[in-house]
Amino acid sequence: MRVGQRPRMRLDRRGVEAVPPAAMVAAEPAPRRRVVAEPAYLIFAVAEAEGGRLSRHERQVLGAARRLADPGGGAVVLVAPSLAEDAGAAGADRLLSLAAAERYDLEAATALLAAAAARYSPRHVLFAENEGGGDLARRLAARLGAPFAAGVEALSAREAVCPCRARRAELRLAPPFLLSLAPDRAAPHVGPAHEASPLDPPAAGAVRRGILTAAPLPVTAAEVPLAEAGLVVAAGNGVKDFAGFLRLCSALGATPGASRVVCDAGAMPRAAQVGASGTVLDALAYVAFGIAGAPQHLQGLGRVEHVAAVNTDIHAAMIARAELAIVQDARRVMPALLALLEAGG
Amino acid sequence: MRAVVLLSAGRHPLSARPAPVPVEMQAIALARGLGADVAGLHAGAPDLAVREALGQGMDRVTVLRIGEADDAVAALAAALAADPPDLVLAGNRGRGGEDSGLLPYLLAEALGWPIAANAVALAAAAEGLAVIQARARGARWRLVVAPPAVVTVHPAAPPALPFAYARARRGRIEEQEGRSAPLVPRVAEERPYRPRPRVIGVAGGGSAAERLRAATEVAGGGRVLVDPPPEEAARELLAWLRALGFSRSADE
Ligand SMILES: Cc1cc2nc3c(=O)[nH]c(=O)nc-3n(C[C@H](O)[C@H](O)[C@H](O)COP(=O)(O)OP(=O)(O)OC[C@H]3O[C@@H](n4cnc5c(N)ncnc54)[C@H](O)[C@@H]3O)c2cc1C
């Protein structure tokens with residue numbers, strides 16, 4: 001840490017002038033990556049990394065993996081198809097890129113994961129307990145006949161706790177080989193980035209095929225329930241042209257949302273209301289047009305990581321919450337954005 | 001087409017009384033929607049929850065009697081292999097037992113059948129059975145599996161058929177001796193559920209200064225563009241969305 005030019009004055013009863021230790025004034029070292037050169041063991045954290053990005057839940061899985069790795073000098077291996085962001089910042093010491101030839105081939109993905117586990121013998125393999133991660137975890141558990149703890153809610157190097165009997169009881173056990181972590185049960189990694197050096201992918205094993213084809217279905221964003229949506233674009237009292245707003249949403253592939261004032265006025269359905277008395281979002285990104293950002297509205301954004309706001313008032317709470325804030329009339333920005341999209345970006 | 005729906009001894013989360021597991025009842029509705037001949041299968045002691053399932057669209061349930069310490073997968077696999085149906089449906093998670101959602105996978109592995117998880121719709125397809133699968137963030141995948149197959153059902157599937165008392169009375173429960181194979185007990189302590197606070201933001205980990213910063217700093221604190229021309233504002237917004245991976249509009 002850098003201390004200012006002159007050391008702070010101190011009262012020294014000995015009458016000797018205090019001289020700050022040299023180390024205190026040393027310049028801040030360049031940010032260095034934490035390196036675990038010779039890990040005592042490996043912890044796999046498996047992520048789908050949809051769109052090349054780690055979700056909030058997957059960052060939490062990496063955070064939990066760090067908690068298993070750090071006490072014993074282990075290293076965290078992020079296992080993901082391909083990544084467009086820094087795995088080291090999320091806490092990965094190693095990066096294992098495992099991509100099946102066919103992106104939606106669950107059986108090939110399972111075989112690859114089994115091969116990676118055989119080659120690197122990790123101590124534990126962690127998954128996110130959601131539709132995709134939970135499926136992969138169970139496929140691997142059945143394939144390897146390995147012990148598995150599902151939907152773990154508390155995890156340390158000594159024990160894992162998971163609910164059972166209709167959530168009226170819980171199982172406490174030593175962390176088994178395979179674990180899936182429930183959302184919001186572990187903190188993501190903060191602090192210095194780790195090295196994230198690449199590991200060699202294993203040779204693909206034999207794949208047993210039973211799923212003949214797999215492909216994503218085109219789902220129009222407007223059909224996706226607000227709570228499940230990935231991108232929400234919302235209109236507030238500053239928006240008047242709702243037909244144009246809905247056209248913009250469909251052009252962006254976003255699920256439309258609204259503030260309460262707009263829903264009360266009947267301009268948008270109640271199901272679109274974001275906030276304390278509406279829907280709490282789990283979206284990756286949120287764009288607010290003409291929304292003041294009342295506390296009741298902001299409660300609905302509790303878990304959204306990326307927020308952009310367009311508002312005429314620079315002092316609006318929404319502007320303060322936003323990562324990208326644009327002080328401009330929403331009635332002029334929306335048509336401009338639509339025109340830009342229609343012109344092909 | 002013949003479908004078998006796996007029924008578990010469900011318990012109500014509040015009263016702990018026997019109650020059918022909702023996703024299993026949704027599974028019956030999905031199977032009936034295919035026009036399949038539907039029967040239920042349960043391994044364990046005859047349970048009240050299983051009898052109630054008869055009122056929701058099934059005429060027949062087979063109970064494979066096995067002991068407390070026996071492996072349900074072995075009993076189910078033996079019964080299904082002896083008389084294989086085209087389709088085995090199960091809930092994606094149980095409610096009242098271990099609730100790990102692992103059993104359908106172990107069963108598929110034991111039978112050597114494919115498994116498709118989290119179905120919200122089923123349809124007959126030319127090459128086999130089309131399964132619409134729920135994925136994270138409201139996405140859907142379409143899988144085609146070759147029967148015989150195991151399919152688990154997601155809570156987002158269409159609702160169950162209404163309960164009909166007369167049907168539940170009329171339905172038959174057939175008891176059979178199940179194949180007994182002892183389950184390898186797992187070393188775990190069971191105790192009453194304790195709700196734990198969810199982790200919000202960044203607690204723990206990092207240095208004290210980092211935790212303080214995470215706790216006190218307002219999220220965002222990002223870029224503020226004051227009075228940009230609307231076209232520039234639009235370009236900035238689009239660039240921001242693209243950087244987050246939302247570029248769907250680009251390939252349309
Ligand atoms: C018990 C209770 C529960 C509530 N629950 C919710 C809830 O769940 N969800 C919710 O949203 N609200 C809720 N509210 C209401 C909430 O307090 C606010 O009144 C509401 O969110 C305000 O909506 P708004 O921001 O769209 O409108 P306003 O407060 O009118 O703000 C409009 C904003 O748009 C800006 N603006 C105006 N014209 C333009 C323009 N042309 N271009 C750009 N910007 C412009 C203004 O500067 C202003 O910031 C609740 C209130 C109570 C009391």
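**Stop 1**

Buried means under 20% relative accessible area, exposed means over 50%, and partly exposed is in between (1.4 Å probe, protein chains only). This is a predicted model, where local features need pLDDT of at least 70 and side-chain atom pairs count only at pLDDT 80 or more, while totals for chains, interfaces and linings use all residues. Residues are numbered from 1 along each chain as its sequence is written, chains are lettered from A and ligands numbered from 1 in the order in which they are written, and side-chain values use heavy atoms, with hydrogens and water left out.

Stay on Ala49(A). Its phi is positive, about 45°, although the residue is not a glycine. Most residues other than glycine have a negative phi, and most peptide bonds are trans. Ala49(A) sits in the loop between strand E1 (42-46) and helix H2 (56-69) of chain A. Helices (H or I, at least four residues) and strands (E, at least two) are DSSP runs, numbered from the N terminus.

Now jump to Ala196(A). Its phi is near 55°, again a positive value in a residue other than glycine. Look for Ala196(A) in the loop between strand E9 (178-181) and strand E10 (197-198) of chain A. Ala196(A) is buried, with a relative accessible area of 17%.

**Stop 2: all of chain A**

Zoom out to chain A. It has nine helices and 16 strands. Its C-alpha atoms fill a box of roughly 85 × 60 × 45 Å along the principal axes. Of its 345 residues, 54% count as buried.

Colour domain 1 (37-199) and domain 2 (218-342) of chain A. These bounds come from an automatic or database domain assignment. Taken over C-alpha atoms, the centres of the two domains are 33 Å apart.

**Stop 3: the ligand**

Select the ligand and the 25 residues around it; Ser259(A), Ser277(A), Ala292(A), Asp329(A) and Ala330(A) come nearest. A residue is near a molecule if one of its heavy atoms lies within 4 Å of it. Helices H6 (260-264), H7 (295-298) and H9 (330-342) of chain A each supply at least two residues of this shell.

Which atoms of Ala330(A) and the ligand lie 2.7 Å apart? A backbone N or O atom of Ala330(A) and a nitrogen atom of the ligand. Next, show His297(A): an N or O atom in its side chain is 2.8 Å from an oxygen atom of the ligand. On its own the ligand has 980 Å² of accessible area, and the protein covers 71% of that.

**Stop 4: aromatic pairs**

A search of the whole structure finds two aromatic pairs over all chains. Show Tyr104(A) with Trp141(B): the ring centres are 4.8 Å apart and the planes are at 90°, so this pair is edge-to-face. Rings of Phe, Tyr and Trp (its six-membered ring) pair if their centres lie within 6.5 Å; planes under 30 degrees apart count as stacked, over 60 as edge-to-face and the rest as tilted. Trp141(B) is buried, with a relative accessible area of 6%.

Then show Phe242(A) and Phe245(A). Their ring centres are 6.4 Å apart and their planes at 80°, so this pair is edge-to-face. Both residues lie in helix H5 (residues 242-252) of chain A, three residues apart, or about one helical turn.

**Last stop: a cis bond**

Finish at Pro147(B) and Pro148(B). A cis peptide bond joins them, with omega about 0°.

Note on methods: A polar contact is a pair of N or O atoms within 3.5 Å; within protein, one must be able to donate a hydrogen and the other to accept it, and residues adjacent in sequence count only if both atoms are side-chain atoms. Accessible areas come from the Shrake-Rupley method with a 1.4 Å probe; for residues, only the protein chains shown count as cover.
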